[in-house]
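Look at the picture, then work through the points below.

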Amino acid sequence: MDHRAFPDAAGTNTLRRRILGSRGGNSALLFGGLALAVLAIAAIVGLWYTPYDPTGFAVRLRLAAPSLAHPFGTDEFGRDVLSRVLTGAHLSLAIGFGAMLVSLALGVPLGLLAAFDRGWVSTAIMRGADLMISLPPILLGLLILAVTPPNLGKTVLAVGLVYVPILVRLSRAVALGLLEEDFVQAARARGEGAASILAREILPNAWPPIIVECGLRVTFAILLGASLSFLGLGPQPPSSEWGLMIAESREFLAQAPWMGLAPGLCLCALLVAVNVAGEGLRARLDPSHA
Amino acid sequence: MSAYVARRLLGVVLVVLATSVLIFAIVHILPGNVAYAILGEYATPAAVATLQERLGLNDPLWLQYWHWLSGILHGQMGQSLVMDRPAGPLILDALGRSAILAGSAFVIVASGGIALGVHAATHQGHVSDRVMTLAQFVFIAVPDFFWAILAVVVFASWLNWLPATGYAPSADGLLAWASHLVLPVIVLSIGLLAHVSRLTRAAMLEVLRSRYVLMARAKGMSERRVLWRHAVPNAMLPTITILAIDFGLLIGGVVVVETVFAYPGLGRLLVFAIEHRDLPLLQAGMLVLTTIYALANLAADLGYAALNPRIRYRTAA
């Protein structure tokens with residue numbers, strides 16, 4: 001996507017007004033956002049309250065089918081699956097959105113720098129991005145997580161690094177376009193320094209396409225994080241990250257399919273919500289795709 | 001065209017070389033003593049010293065890298081620590097089995113995705129288009145390992161139609177061999193099929209709105225000819241790029257799906273190498289996969305150039 005998709009990027013509309021403003025109803029953003037809010041509230045509630053102790057063993061209740069007392073059934077240790085899904089929710093959200101923050105924090109400054117500098121710094125950044133992009137996404141994650149013991153923070157970092165080069169390229173392309181705009185030339189003529197131009201002129205106007213890209217990437221970040229976690233390269237047991245729960249359910253699928261179906265369907269609900277909200281955000285911010 | 005091909009081939013060599021440095025660096029520079037990682041934290045100092053000597057870990061890093069690289073150039077992929085066998089044949093065997101899996105899935109994704117996308121774009125707003133749009137939203141978002149366990153529960157556990165996991169060599173009979181492939185291939189294809197068909201539809205809609213399509217219709221060309229002579233070839237350009245991106249996702253899918261279905265391919269070998277800290281095997285396997293990915297991207301670029309003369313004749317930027 002290039003900056004020309006945003007003809008009024010240099011205009012006076014603030015990002016906030018564009019998202020909240022009343023430029024036609026946007027049911028995708030509304031429904032996706034609502035579903036995401038419900039899941040986020042469930043994740044927060046899960047941090048403080050669960051119907052049962054998510055790590056409490058109850059041997060007599062092993063592999064119990066869903067019932068009124070245990071709506072999602074129990075697992076091989078008699079742990080309540082609903083309680084475990086609730087406590088695991090914040091991990092999936094943290095991996096997806098945390099990874100996006102990592103990519104933003106690294107990718108956007110590097111991209112802006114690459115746009116502004118026309119010398120070896122720019123070349124080094126762009127060749128580095130080319131190199132990272134030439135590894136298949138899962139391999140980069142596997143490489144980083146393979147050598148040292150995995151944990152939540154490393155999974156977030158590994159997934160975030162995968163999307164850094166994409167954001168470097170995007171923010172550079174957007175900034176290169178903005179650098180030609182009159183208001184940037186005016187700032188230069190006023191004698192403003194590079195840092196000031198980047199922070200006060202370029203960055204505020206470069207946000208819309210970057211936010212749209214992030215909104216669409218979060219789905220893939222959550223998917224990649226859950227896949228790594230499923231392979232045992234994420235949070236470790238007894239954590240109840242959903243990818244890990246699904247991996248642990250594999251041995252018991254024939255007797256207790258709810259062990260995998262419950263976290264799996266929740267993960268799907270989260271991904272669909274994020275995907276729909278991301279598309280809605282794009283429709284709102286990027287008129288050419290509406 | 002040949003100059004373009006030569007330039008891109010050189011690019012692939014450079015990319016593979018650079019990623020080999022990256023892979024080596026990540027494996028060797030990240031904190032964690034390799035010998036302890038292999039032997040466990042209760043290893044005796046003598047055992048650690050012996051292993052470090054055997055692995056050449058006392059050499060300077062550049063020398064270790066050079067030994068690794070020159071070994072590969074001589075066809076020596078290194079020695080698997082856990083299996084105590086040369087990594088090369090292990091990887092080649094696994095790669096062959098993965099290629100069958102990924103190749104079948106890729107053919108399904110490419111042909112099916114394009115066909116569905118063209119159909120949806122030419123039937124915009126019809127029931128079939130709406131159903132597909134809805135299905136695409138859901139299918140893109142469902143992780144392939146979730147499809148995998150669903151498939152195992154439904155087709156293997158409940159219906160008992162297909163084997164749940166494993167692999168049968170073709171010597172066991174064609175039916176046994178194929179029956180082990182059905183579920184993994186379907187699981188691998190399903191998400192990417194949604195992705196490709198959705199983006200093909202978007203590309204087709206854009207082309208169908210263009211002036212040259214209007215022109216072709218205005219001069220009375222049949223709709224079928226407009227579609228296949230003008231619209232589809234032009235809509236293929238973005239689709240080729242998407243297929244190249246999806247090849248990267250397919251590699252990720254292969255790693256996950258082979259693990260779920262206990263299918264002895266390269267993805268499972270890599271996960272095995274990670275679980276057992278078999279670093280030489282891991283390095284070699286990653287390098288092979290990266291090379292394949294680079295070649296796939298090359299193929300996509302060449303396909304793009306073949307369809308779009310503007311790229312072919314452009315001088316090097």
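Helix α10 (residues 223–260) of chain B packs against α11(B) at an angle of about 80°, with the two axes 7 Å apart. That makes α10(B) roughly perpendicular to α11(B). The model is predicted: local features need pLDDT of at least 70, side-chain atom pairs count only at pLDDT 80 or more, and totals for chains, interfaces and linings use all residues. Residues are numbered from 1 along each chain as its sequence is written, while chains are lettered from A and ligands numbered from 1 in the order in which they are written.

**How the two helices meet**

- Two packed helices are described by the angle between their axes and the distance between the axes.
- Axes are lines fitted to C-alpha atoms, for helices over the stretch in contact, and angles run from 0 to 180 degrees between N-to-C directions.
- Angles under 35 degrees count as roughly parallel, over 145 as roughly antiparallel, 65 to 115 as roughly perpendicular and the rest as oblique.
- From α10(B), the residues B:Val254, B:Val255, B:Glu258 and B:Thr259 meet B:Gly267, B:Arg268, B:Leu270 and B:Val271 of α11(B).
- The residues of this contact of α10(B) with α11(B) are four nonpolar, two polar and two charged.
- Ala, Val, Leu, Ile, Met, Phe, Trp, Tyr, Cys and Pro count as nonpolar, Asp, Glu, Lys and Arg as charged, and the others, Gly among them, as polar.
- Two residues are in contact if their C-beta atoms, placed from the backbone, lie within 7 Å.

- Nine of the ten residues of helix α11 (residues 266–275) of chain B are buried, so it is largely enclosed by the rest of the structure.
- A residue is buried if 20 or more other C-beta atoms lie within 10 Å of its own, exposed if 12 or fewer, and partly exposed in between; C-beta atoms are placed from the backbone.
- Which residues of α11(B) are buried? They include B:Leu266, B:Leu269, B:Phe272, B:Ala273 and B:Ile274.
- Just after α11(B), B:Arg277 takes a positive phi of about 55°.
- B:Ala262 sits in the loop between α10 and α11 of chain B.
- B:Ala262 has a positive phi of about 50°, although it is not a glycine.
- B:Ala262 has 13 C-beta neighbours inside 10 Å, so it counts as partly exposed.
- Most residues other than glycine have a negative phi, and most peptide bonds are trans.

**Chain B as a whole**

- Chain B has 13 helices and zero strands.
- Helices (H or I, at least four residues) and strands (E, at least two) are DSSP runs, numbered from the N terminus.
- Of the 317 residues in chain B, 36% are buried.
- The C-alpha atoms of chain B fill a box of roughly 85 × 60 × 35 Å, taken along the principal axes.

**Where the chains touch**

- 37 residues of chain B contact 32 residues of chain A.
- The largest share of the side of chain B that touches chain A comes from α1(B), with seven residues.
- That side of chain B has 30 nonpolar, seven polar and no charged residues.

**Chain A**

- Chain A has ten helices and zero strands.
- Of its 290 residues, 51% count as buried.
- Helix α10 (residues 258–285) of chain A has 28 residues and reaches 40 Å from its first C-alpha to its last, close to the 40 Å expected at 1.5 Å a residue.
- The expected span of a helix is 1.5 Å times one less than its number of residues.
- In α10(A), 24 of the 28 residues are buried, so it is largely enclosed by the rest of the structure.
- A:Leu224 lies in helix α8 (residues 194–230) of chain A.
- With 27 C-beta neighbours inside 10 Å, A:Leu224 counts as buried.
- A:Leu224 touches A:Pro137, A:Ile138, A:Gly141, A:Val159 and A:Val162, not counting residues up to four places away in sequence.
- The peptide bond from A:Pro237 to A:Pro238 is cis, with omega near 10°.
- A:Pro238 is in the loop between α8 and α9 (242–249) of chain A.

**Confidence**

- Chain B has a mean pLDDT of 82, and 93% of its residues reach 70 or more.
- pLDDT is the predictor's confidence in each residue, from 0 to 100.
- In chain B, confidence is lowest in helix α13 (residues 309–312), at a mean of 64, and highest in helix α5 (residues 87–122), at 90.
- The predictor gives the complex an ipTM of 0.79 and a pTM of 0.82.
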